[in-house]
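Subject: Structure for you to look at

Hello,

Here is the structure I said I would pass on. Please have it open while you read the notes that follow.

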Amino acid sequence: FFFKQKTAYEIVDCDWSSDVCSSDLHDRRVSDKYLFELEKNLTLQANSLLLQKDDRETQHQIRVEFNQLSLIEKFKANIEKDLIIGLGNDYVIHGKLIEVNIDHVVIVQEIFKYFLNYKKICFVQGLENTFKKLNHLESKWNFKSLLNQKQNSKKVIHFEKSNQFKVQGLITNIFMDHITLRVLNEETIINLDDILLIKEFI
């Protein structure tokens with residue numbers, strides 16, 4: 001006589017009593033359903049956590065980009081506004097903002113035009129909390145560009161320095177960190193970092 005050895009599946013499926021077999025199959029179906037639901041819930045939770053992570057990263061990126069916005073971009077968004085600008089040594093100018101460049105702004109006050117060194121601005125009143133990027137020309141036109149323009153104009157230029165020292169004359173040379181000014185037939189050196197503003201008649 002030969003006997004065929006049955007597999008475990010065949011034993012469960014055929015040889016056990018109907019009560020035990022049906023119970024086992026029922027438990028397996030419940031277990032499979034539970035595992036399916038558990039897997040589905042874990043997937044949903046994982047997706048939710050990923051979305052929260054993405055949202056936090058997005059919010060962080062927005063905050064970083066907002067914090068990188070500069071005062072000069074806020075000036076740009078407030079062209080033609082009347083502003084009160086405080087410079088070093090209690091120097092305050094009240095006038096209309098008419099021009100914004102990469103390192104200086106231009107203010108009109110009555111019959112004068114002021115070219116203000118951006119780095120010397122201590123406070124500003126009247127700016128709205130909006131921002132606007134500079135255009136290509138504005139981002140390239142700096143204080144040295146302005147000085148070159150004034151030198152080529154051959155006009156007498158009025159400078160005010162950080163210590164409220166005032167001097168006027170013709171620009172003769174422009175160097176990396178200073179300029180030379182002809183004042184009463186004498187050469188005067190002015191450090192570029194000391195220039196508070198340039199003032200001229202409109």
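This is a predicted model, so confidence comes before the details. The chain has a mean pLDDT of 80, and 72% of its residues reach 70 or more. Confidence is highest in strand E3, at 96, and lowest in helix H1 (residues 8-15), where the mean is 46. Over residues 1-20 the pLDDT is below 50, and this stretch has 11 contacts in the model beyond near neighbours in sequence. Where pLDDT is low, the predicted coordinates should not be read in detail.

Two backbone angles are worth a look. Most residues other than glycine have a negative phi. Glu 110 has a positive phi, near 55°, and sits in the loop between strand E3 (104-109) and strand E4 (112-117). Its relative accessible area is 72%, so Glu 110 counts as exposed, the cut-off being over 50%. Lys 154 also has a positive phi, near 60°. Lys 154 is found in the loop that runs from helix H5 (143-153) to strand E6 (157-161). With a relative accessible area of 67%, Lys 154 is exposed as well.

The last item is a strand residue. Thr 172 belongs to strand E7 (residues 166-174). Is Thr 172 buried or exposed? Its relative accessible area is 16%, and buried means under 20%, so Thr 172 is buried. Leaving aside neighbours within four places in sequence, Thr 172 is in contact with Gln 151, Thr 180, Leu 181, Arg 182 and Glu 187.

Regards

Definitions and conventions. Residues numbered from 1 in each chain as written. Predicted model: local features only at pLDDT ≥ 70, side-chain atom pairs only at ≥ 80, totals over all residues. Heavy atoms only, no water. Helix = DSSP H or I, 4+ residues; strand = E, 2+ residues; numbered from the N terminus. Buried < 20%, exposed > 50% of the residue type's maximum accessible area, 1.4 Å probe, protein only. Contact = heavy atoms within 4.5 Å. pLDDT = per-residue confidence, 0-100.
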